[in-house]
Amino acid sequence: MIVQEAELDPRYQALWKKALISAERKNWEYVIDQVLPIVTANFGFLDGRKLLRSAESEASGGSAGKKFSFGLGGFKPSSKKDPAEVVADMEENVFRKDPFNLNANETLYDIGMKMHFPQLAAFALETIRAGHPENTKHMHKLAQHYMAHEEPEKASEVYRLIVKVDPRDMEAMKGEKDSAARTSILRQGWGVGGDFRSAMKDSGEAAKLEMLGRQGMTKEQMEQFLAETIEQYNADQTNIAIVKRMSDLYEKLGQMDDALMFYDYALTLNPGDVALQRKVEILRDKVLDQKIEDYQREIEANPGAPDIDDKRAQVAEIRRQRSSVVIGEAKTRVDRNPTDKTLRYELGQAYFNAGMYTEAIPELQQAKSNPNMRIKAILMLGRCFERKNMNDLAKTSLMEASKELVIMDAIKKEVLYELAHVLEKMGDKTASLEALKEIYNADYGYKDVAKRVESSYS
């Protein structure tokens, strides 16, 4: 996924060299102008994105969230736009003005995870940490991310920073100890059950394991290594290092069901491993996403098949089960910290995604009191009211959000588009058209706005 400088098209390599020179001269606006088209065309060029964010920070005075603080409910990885296009929109319309925007970076993190690009996800959380050094909630998320992706040394550093901000944070103190221990384990090459390197048949197998860690093995090498690991597993089914290695190999080979089965088993061997718990959650989401995609592909390819209703029912059941899990996890987080309005928003969002609009409303109403979540919460409230056919309340919520948004950014377009839909449902076609015209004046290509506005003049 990561793109290196040498892999760039020659014209972008030349532009990148100019950007580096501009950075040495501290011409930050030039850096932004030069790097932005590079990262737009090369989604995985993370070095470019890092330099871009640094230049944006310098150009904006290095202050977090003071220039703009709008939400980004309209940017969703599941939208009709390609994730790379969504990120490009945010780079141009949000990060350029407000590199530390909390909601934008949360969205970037979600996209990174959805696309199995953990380095991008970590970059988004690191940006939040740099811009909001007192925000321990996201720092915890960053540390857990590093632990889940076997980077305990980085996790340990983040936990130390949390303790500096809040010396009473017992979870961070424990996390620092656990990550330091995990760092030692990885450096020495031993895990639960003793020194497993010494138990390997020869040093050649250790070299293979290092290649696996660097993701440098070919498919054939991984398959051979997996066969050898299965033999070791059959000889000792309680060695968690072997189980995790086998799980990792299955995942890299794309055999997600087998990978999930053995990661689940590894968790029974070490139930207190937070990083492993997170890994299981991520992989379970991947497996379910793949199942939904497979079923949807079959449904679209042969909509008249005799078992098509069964497949639709299976897709609905998978989504229901996922919603149940997400709601349960969100509830648990709220129960632990009922005053955290961000957690209230996440619970409201989980209810909304599950179609439980009545349950979502009180959570979103509480989330409105958080300035960082306010617009996102109001927009989702409007959607809840509209889904319940309470269109007058939906109109009030969406108009409130529109008035608070001064800049015609992506979130304001989304609010106005939703407002136009509600007004049309209420029979007020004139007001609906006026809302669409506001978008039309700013963004001709937004959804079907141009077609609807221009057809009104026919």
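Colleague: In which loop is E150 found?
Modeller: E150 sits in the loop between α7 (136-148) and α8 (152-165); helices here are DSSP runs (H or I, at least four residues), numbered from the N terminus. Bear in mind that this is a predicted model: local features need pLDDT of at least 70, side-chain atom pairs count only at pLDDT 80 or more, and totals for chains, interfaces and linings use all residues. Residues are numbered from 1 along each chain as its sequence is written, and side-chain values use heavy atoms, leaving out hydrogens and water.
Colleague: Why is E150 called partly exposed?
Modeller: Its relative accessible area is 37%. Buried means under 20%, exposed over 50%, and partly exposed is in between (1.4 Å probe, protein chains only), so E150 is partly exposed.
Colleague: What is the phi of E150?
Modeller: Positive, about 55°, although E150 is not a glycine. H116 also has a positive phi of about 55° and is not a glycine. H116 lies in the loop between α5 (102-114) and α6 (118-131).
Colleague: Which residues touch the most other members of the largest nonpolar core?
Modeller: Y345, L364, V415 and V449, out of 41 residues. A nonpolar core is a set of buried Ala, Val, Leu, Ile, Met, Phe, Trp, Tyr and Cys residues joined through side-chain atoms within 4.5 Å. A second, separate core of 34 residues includes V94, F123, V158 and Y159.

Definitions and conventions: Helix = DSSP H or I, 4+ residues; strand = E, 2+ residues; numbered from the N terminus.
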